[in-house]
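Here is a short report on selected local features of one protein model. Please read it alongside the sequence and the coordinates.

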Amino acid sequence: MAPYQYSPLKEDLNEIRVLILQPGDFTADLHISIHKVGLTLDAPPIYEALSYVWGTTDNPVDIKIGPSGSDRLAITQNLAVALPYLRYQDKIRTLWIDAICVNQQDLRERSSQVKKMADIYRLADRAVVWLGTEKDNSAHVLRILSQLSSEIKVDYDFATMSPASSDSVPDWSDLSLSLPYNVDEICNIASLLNRAWFSRLWVWQEIRLARNNSIVICGLDTILWQSLHQAIFCLHVKQWVANNLFIDPSQLRARLSYILNISDTTNYAPFGQIIRRIAPCKCSDPKDRIYAVLSLLDRFEEGINIEPDYTKTTAQVYQDVVTRHIEHHNDLEMLTYCELRNDMPAEMPTWVPNWTVADTAVPLWSCGRACGHSEAKAQYREGGILSATGVISAAISSADEMVFQNTYRSMADEIRRIARFYIDDSPYLAGSSLIDAFCSTMCVNSFSDTIWPPRPVLPQFEKSREFVLAVLRDHDRHPNYTWDSDETYYLNYARYYCKKRSFITTEEGYIGVAPKATKPGDQVCVLLGCEQPLVLRPTSGLRYQVVGECYVPGLMYGEAFLGPLPDNYQAIRLHDHGSRGYQWAFLDKQTGNTQYNDPRTGKGGLGGQIDKESSVWYLPDGSETLVLTSDMLKRRGVKLQDFDLI
């Protein structure tokens, strides 16, 4: 047989190739043909797009192409195994499979077709996910997950479950009841979810852009992707047997959380968050951690205008992302993804996130808006320096790395260890008491009291405070092991946010959580346009390294620029139906009313201090607030300074 010869695709017709998989019994020889079609938006061709793991290119398998089977094409063994399972017995199947439909030997065509992949999956009749052949009771796993999904209805906006219908058994959606799976079933579920497909970087694009009717195939069994996703949500929020597992329960829960993120489109996710979420994914080129998510950007971020360029180094690509993001959004959000580590590439500035690393602390998303409604004042300078304006809010006096094990007893012991050196009943610098600030710090204020409508999977502040006090006063006090208790919710969030971080105190009297690399002498700074406070490390020549983001009660809601909130106001996250997400707002505890406008700025913005070129920030309720500028804040008496970040 002669090697198959591809005929060129016509770019002016936006052509792609599809393959026709002829019907046949499972053991029969494969017969396929390849055809060119125009990928038009108004009348796209009918085909399914395959999402699978290429696997090793060693020992490729030849398949026959064409009516007479006179041509051959080499494919990976993984794909050769999948094709018989994908074939129908009684009708043809039209598929788009990258390894076959793209001439992999033509680099120019590959580059062109990669740019079309977003449209290829978006316009496909559906995506077909191939997980592999049946093993570890995967057939039984798909059946029980499908049955679980049929019993529940998930509201992803509010992270809640309810019975799917009046005929559904309510136990499945009841958070207080454990799922009825035995140890073997949980281990088999873990085995399925640990298959290589879930770790592929490009599946984020493939499954997110595909239509809602996408399917997952494992051996001879099939499940809807939406059904699998619902079942995974239930497994994530409910308790299941954890004793005598042959796996680490915390690793399984982390896996469940990761898979939920793959197709989480319930609300807008900024560019940096998407990149951070894909950190555990596998890819052959670290530059793909940027290029693979470009098609997932919200329309507000498409103007960043990043074009794939594989001739650049990884450090150049990552730095380009940060500088373009700053220029496009006029904020410093990208700096919150930085974390100083010993293995930082020498050519990469500390203000550029190293997205090739997956084992950093979890991000402190939505923990506050330390910069208020301010715009960044930043400028890139030659020599890898980013100059940014802000204030020094505190000097770190101690940093104690926290180590959280997987048992609730050990978590309570670690809270007791940390607290006994620092915590008493004295008032806290920023108001309230030191014990209140400590309770908030350990779970970065993730309480149901700070979000509306409340989310049932969050602990309640007063109950959490009582638990922390009991743990500190009674060394024999251990948490209630009920899965849905406030105590266990609190400890789970404390471990989630404090793992791989240090507990800090400052010379001024603040406490907080900061990156593991933090040490005495570092400074807590709030930069204009940066929602999280940053730990910066002074170096010679009045320059600073970015150590990473931190959580410090009393500096999380614009206090560094505007002073403390009035006593009757509390910052909360309010659900906005327009964005399908949570936005920061302010609760008047006396009246019970909420408002998006900051009570410290007034209707005119900082008492009417309006610059000629002042811009406005449009709030979810249709109102406006002035964007804080450095000139406004200087007139207010805020001592701003420029930080040269290296």
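## A polar link and its surroundings

The side chains of Thr389 and Asp642 are joined by a polar contact of 2.6 Å. A polar contact is a pair of N or O atoms within 3.5 Å; within protein, one must be able to donate a hydrogen and the other to accept it, and residues adjacent in sequence count only if both atoms are side-chain atoms. This is a predicted model: local features need pLDDT of at least 70, side-chain atom pairs count only at pLDDT 80 or more, and totals for chains, interfaces and linings use all residues. Residues are numbered from 1 along each chain as its sequence is written, and side-chain values use heavy atoms, with hydrogens and water left out.

Thr389 belongs to strand 14 (residues 385-401). Helices (H or I, at least four residues) and strands (E, at least two) are DSSP runs, numbered from the N terminus. Thr389 counts as buried because its relative accessibility is 3%. Buried means under 20% relative accessible area, exposed over 50%, and partly exposed in between (1.4 Å probe, protein chains only). Beyond its neighbours within four places in sequence, Thr389 is in contact with Lys377, Leu527, Leu528, Leu640, Gln641 and Asp642. Contact means heavy atoms within 4.5 Å.

## Strand pairing

Strand 7 (residues 93-96) has two partners to describe. Strand 2 (residues 15-21) runs antiparallel to strand 7, with 3 bridges between them. Strand 4 (residues 48-51) runs parallel to strand 7 and is joined to it by 2 bridges. Two strands pair if DSSP finds at least two bridges between them. Leu95 in strand 7 has Leu19 opposite, and Glu48 also stands opposite Leu95. Arg93 and Leu95 point one way from strand 7, while Thr94 and Trp96 point the other way; all are buried.

Ala49 sits in strand 4. With 0% relative accessibility, Ala49 counts as buried. Ala49 and Leu95 are 46 residues apart along the chain, yet their C-alpha atoms are separated by 5.7 Å. Leaving aside neighbours within four places in sequence, the contacts of Ala49 include Trp96, Ile120, Tyr121 and Ala124.

Elsewhere, 4 strands form an open sheet with mixed pairing, in the order 15-21-22-23. Its edge strands are strand 15 (451-452) and strand 23 (594-595), each pairing on one side only. Strand 22 (residues 581-588) and strand 23 run antiparallel, joined by 2 bridges. Leu587 has Thr594 in strand 23 as its bridge partner.

## Helix packing

How far apart are the end C-alpha atoms of helix 8 (residues 249-262)? They are 20 Å apart, which agrees with the 20 Å that its 14 residues should span at 1.5 Å a residue. The expected span is 1.5 Å times one less than the number of residues. Buried residues of helix 8 include Leu252, Arg253, Leu256 and Ile259. The buried residues of helix 8 pack against helix 5 (183-193), helix 6 (203-209), helix 7 (225-237), helix 9 (271-277) and helix 15 (486-498).

Ile275 lies in helix 9. It counts as buried, at 1% relative accessibility. Ile275 and Tyr291 are 16 residues apart in sequence and 9.9 Å apart in space, C-alpha to C-alpha. Not counting residues up to four places away in sequence, Ile275 touches Arg289, Ile290, Val293 and Trp355.

## Aromatic pairs

The whole structure holds 21 aromatic pairs. Rings of Phe, Tyr and Trp (its six-membered ring) pair if their centres lie within 6.5 Å; planes under 30 degrees apart count as stacked, over 60 as edge-to-face and the rest as tilted. Two pairs share Tyr497.

| Pair | Centre to centre | Angle between planes | Type |
|---|---|---|---|
| Tyr493 and Tyr497 | 6.4 Å | 25° | stacked |
| Tyr496 and Tyr497 | 5.0 Å | 80° | edge-to-face |

Tyr493 and Tyr497 are 4 residues apart in helix 15, so about one helical turn separates them. Tyr497 is buried, with a relative accessible area of 10%, whereas Tyr496 is partly exposed at 41%. Phe447, Phe461, Phe467 and Tyr490 form one aromatic cluster.

A ring can also lie under a charge. The charged end of Lys91 sits over the ring of Tyr88, 4.9 Å from its centre. A charge sits over a ring if NZ of Lys or CZ of Arg is within 6 Å of the ring centre and within 35 degrees of the ring normal.
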